[in-house]
Number of protein chains: 2
Amino acid sequence: MTARKLMQNISVDCVILGFDSEQLNVILVDRTLILPNTSEVVFSDLTLTGYHIYEDEDLDSAAARIVKDLTGLENLPLKQFYSFGALDRLHHPNDQLWLEHCGDVFSDRVVTIGYYSLLPSTNVNFIQKGRNAAWYPVTSAKGLAYDHDFVVEKAIEHLRYKFWHEPIGFELLPVKFTLSQMQKLYEAILGTQFDKRNFRKKVSQMDYVVPLKEKQIGVAHKPAQLFMFSCDVYEKTRKERFDFFV
Amino acid sequence: MTARKLMQNISVDCVILGFDSEQLNVILVDRTLILPNTSEVVFSDLTLTGYHIYEDEDLDSAAARIVKDLTGLENLPLKQFYSFGALDRLHHPNDQLWLEHCGDVFSDRVVTIGYYSLLPSTNVNFIQKGRNAAWYPVTSAKGLAYDHDFVVEKAIEHLRYKFWHEPIGFELLPVKFTLSQMQKLYEAILGTQFDKRNFRKKVSQMDYVVPLKEKQIGVAHKPAQLFMFSCDVYEKTRKERFDFFV
DNA sequence: TACCAAATGTGTATTTTATACACTTTTATA
DNA sequence: TATAAAAGTGTATAAAATACACATTTGGTA
């Protein structure tokens with residue numbers, strides 16, 4: 001394989017969001033600058049899973065490759081949500097130090113294409129090469145590298161927007177889930193409370209939330225019925241309607 | 001002013017959409033390749049309003065500058081909607097010819113950030129420098145330069161999506177509009193029919209559609225009452241709700 | 001083995017919203 | 001003054017949203 005050339009001015013950053021039945025989490029990667037001669041740790045902070053794209057790969061492929069390289073995760077449903085090109089997005093002192101020392105010398109003008117992905121944040125096995133990727137609660141994801149605080153903020157804004165209008169919540173739940181888990185998720189993301197009976201009445205109208213003949217096991221109380229989301233049924237039965245009204 | 005440097009690999013393309021009470025239109029710019037020595041017209045086609053960004057400008061500013069340069073229009077509400085980075089997006093023969101002959105030699109790997117803007121397409125005065133910008137019905141916007149057919153398609157998809165969920169339709173109407181104009185717009189974009197009485201009943205629930213004490217003038221029939229959209233009222237009274245249900 | 005803790009699961013009455021549907025009114029113009 | 005063209009209006013019915021409280025099932029433990 002011949003050497004692939006990285007594009008100096010274009011990168012991809014992925015906001016991988018997970019839910020653990022309590023809160024929303026994001027995968028962040030360790031960025032520690034160690035001086036090679038003295039082994040001094042100059043600083044240590046966190047970044048999103050992101051990197052420059054190669055000249056011979058499109059944006060979606062770049063996003064998938066970068067996530068795989070940094071976390072080992074494959075086949076995530078990565079979707080583009082916004083691009084970031086502020087002039088000062090790499091101008092914090094740590095970013096400049098990092099760019100000076102990190103081998104490949106890149107431009108300090110990089111436009112990055114933001115991607116996001118949703119998954120349940122339990123049972124995720126990271127396979128890391130060198131750098132450490134891990135889940136962090138989004139509430140604690142502050143002081144990140146570059147403009148990544150802003151990128152995360154925009155991703156969550158985008159997530160909330162889609163949450164109101166499409167059934168994407170299921171991507172954050174296990175394949176088989178209980179209605180209480182679903183309700184907790186929606187309450188957490190949308191910051192609302194729902195009445196249990198009315199929530200269930202509403203869900204029962206959704207043909208694409210399919211009841212299974214299985215129950216929870218290993219819980220110290222009455223086990224709940226499990227449900228699945230059917231994408232097929234959703235696509236076939238969805239009816240759009242005005243909802244900006246009133 | 002010192003010479004600004006264009007970025008080889010990054011451009012912005014703007015899909016400026018207008019409505020003329022009949023159909024959706026888009027501003028396109030003439031791209032005619034004339035050989036300088038023989039004056040032969042090699043080809044002539046159309047592009048979106050787009051160009052490379054400068055090293056010292058952010059994406060939003062670039063979009064505004066490019067639209068102004070190509071059309072004379074200022075202060076349009078330009079919003080980013082998607083980015084395009086397919087490997088072959090500049091690989092049609094005309095695109096290659098154009099890139100070879102058009103002076104500045106750019107890379108054939110350009111990632112473009114898509115912006116869109118909405119406005120009523122009547123009473124728009126183009127001030128053009130050299131190249132011709134004009135409205136074209138979106139239905140006839142085929143065979144455009146680069147991947148611009150695809151960019152337009154994605155923009156309209158985005159528009160429809162937002163149309164269902166937010167009152168952005170008003171950006172495509174004159175400041176003062178009649179309910180029939182509004183209904184026709186929604187029917188055109190969403191591809192649905194609404195019952196007149198039910199549509200009006202619904203609109204009357206929207207506090208942010210404000211009836212004026214004015215009527216249409218110069219029409220050869222009973223003149224309709226005029227209405228305005230109030231962004232202030234909308235922001236203060238909007239209630240989000242689930243709408244992906246059922 | 002009886003009791004407790006913990007979470008599940010269920011129904012009804014009321015209000016609000018959506019839908020279906022047809023004729024009269026107002027204006028400019030011929 | 002008759003006509004054409006579009007504006008404007010109400011009611012009955014069906015569907016959906018909301019408010020609200022208690023009995024049930026299970027595992028664990030005394």
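A salt bridge is a side-chain nitrogen of Lys or Arg within 4 Å of a carboxyl oxygen of Asp or Glu. By this rule, 26 salt bridges are found over all chains. This is a predicted model, in which local features need pLDDT of at least 70 and side-chain atom pairs count only at pLDDT 80 or more, while totals for chains, interfaces and linings use all residues. Residues are numbered from 1 along each chain as its sequence is written, chains are lettered from A, and side-chain values use heavy atoms, without hydrogens and water.

**Asp56(A) and Arg4(A)**
- The closest N and O atoms of the salt bridge between Asp56(A) and Arg4(A) are 3.1 Å apart.
- Asp56(A) lies in the loop between β4 (49–54) and α1 (59–71), and Arg4(A) in the segment before β1 (6–19), so the pair ties together parts 52 residues apart in sequence; helices (H or I, at least four residues) and strands (E, at least two) are DSSP runs, numbered from the N terminus.
- Asp56(A) is partly exposed at 44% relative accessibility, as is Arg4(A) at 29%; buried means under 20% relative accessible area, exposed over 50%, and partly exposed in between (1.4 Å probe, protein chains only).

**Arg31(A) and Asp95(A)**
- Arg31(A) forms a salt bridge with Asp95(A), with the closest N and O atoms 2.9 Å apart.
- This pair links strand β2 (residues 24–34), which holds Arg31(A), to helix α2 (residues 93–101), which holds Asp95(A), 64 residues apart.
- Arg31(A) is buried, at 1% relative accessible area, and Asp95(A) is buried at 1%.

**Lys68(A) and Glu74(A)**
- Lys68(A) forms a salt bridge with Glu74(A), the closest N and O atoms being 3.6 Å apart.
- Lys68(A) is partly exposed, with a relative accessible area of 37%.
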